[in-house]
Amino acid sequence: MREYEFNRAVANYAKQLLADYKNVTVYFSHSDQRDVSLKARTDKANSLNVDIFVSIHANAFGGGGWSNVGGIETFVYPTRPPVAYQLAQKIQRTLVISTGLDNRGVKTADFHVLRETKMDAVLVECGFMTNRNEIKLLRSETYRRTIAEGIVKALAEQFKLQRKANAAPAPTLPPAKSPAPAKKDGLYKVQAGAFDNEQNAKELAERLRKAGFDVYIDKE
């Protein structure tokens, strides 16, 4: 898989989802017809005077061979602009909860698209192409849409976007199925996630409760 295939698909899904919100215009800095330099991308964003720049990527580790390194991470410029940093935290939290991948955190980097944009900017790494499990997800249209939904949810929260009156309801977890009867010789327990951060655990627990599951948090 070429990284561009993933990036483009997620961007298209995100644009479709953002069309359901009032006063939102989405511009693409990439092109399907040709390669666009980083300078051309930031120059276009600056000339359009947009409010936020979101750069979507699939990650890689080392020289390209398979690795166990995986997870989600989101970057902002080293000065940590307040709005960009807040949005990055929302994106990171939402994607970790919705994908179940490792939380690599919000980080800072002197990337061109973060440094040369005049507006707030974030760069999202949505999984590793060099991880055997995550490359399968990155190729999946379901996963690509899940990533887009998470990014859009974070944008809507950060900028208090209002949904259009005729917009479809925002995506939610599927309804829970009725539990199978317990066997007399014991119970089967299912773990939905494990987190180093207590807040991430609480947020996943709340999502599961809303979906109709009985949930408890156990600290080991």
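Is Arg80 buried, exposed or partly exposed? At 42% relative accessibility, Arg80 counts as partly exposed, where buried means under 20% relative accessible area, exposed over 50%, and partly exposed in between (1.4 Å probe, protein chains only). The model is predicted, so local features need pLDDT of at least 70 and side-chain atom pairs count only at pLDDT 80 or more, while totals for chains, interfaces and linings use all residues. Residues are numbered from 1 along each chain as its sequence is written, and side-chain values use heavy atoms, with hydrogens and water left out.

The overall layout comes next. The protein has seven helices and four strands, which follow the order α-α-β-β-α-β-α-β-α-α-α from the N terminus on. Helices (H or I, at least four residues) and strands (E, at least two) are DSSP runs, numbered from the N terminus. Of the 220 residues in the protein, 38% are buried. Contact means heavy atoms within 4.5 Å; among contacts between residues at least 6 apart in sequence, 78% join residues at least 24 apart. The protein exposes about 14000 Å², with 48% supplied by carbon and sulfur atoms; accessible areas come from the Shrake-Rupley method with a 1.4 Å probe, and for residues only the protein chains shown count as cover.

Thr74, in strand E2 (residues 72–76), counts as buried because its relative accessibility is 0%. Leaving aside residues up to four places away in sequence, Thr74 touches a set of residues including Ala88, Ile91, Gly105, Val122 and Val124. Phe128 belongs to strand E4 (residues 120–128) and is buried too, because its relative accessibility is 2%. With residues up to four places away again not counted, the contacts of Phe128 include Asn59, Phe61, Val69, Arg104 and Leu138. Phe128 and Trp66 are 62 residues apart along the chain, and their C-alpha atoms are separated by 9.7 Å.

Helix H2 has its own buried residues: Thr42, Ala45 and Asn46. They lie on the same side of H2 because they cover an arc of only 100° around the axis, the arc being that of the directions from the helix axis to the C-beta atoms. An α-helix has 3.6 residues a turn, so residues three or four places apart point the same way. E1 and H4 are among the elements that cover the buried residues of H2.

The backbone also deserves a look. Most residues other than glycine have a negative phi. Just after H2, Asn49 takes a positive phi of about 55°. Arg80, in the loop between E2 and helix H3 (82–99), has a positive phi of about 50° although it is not a glycine. Lys160 has a positive phi near 50° and sits in the loop between H6 and helix H7 (198–210); Lys160 is exposed, with a relative accessible area of 65%.

Finally, there is the second largest pocket, with a volume of about 1200 Å³. Of the 44 residues that line this pocket, the closest to its centre are Tyr27, Phe28, Ser29, Phe53 and Val54. On a 1 Å grid over the protein atoms alone, a pocket is an open set of points where a 1.4 Å probe fits, with protein on both sides within 12 Å along at least five of seven lines, and lining residues have an atom within 4 Å of a point. Grid points are joined across faces, edges and corners, and a volume is the space filled by probe spheres set on the points. H1 gives the largest share of the lining, seven residues.
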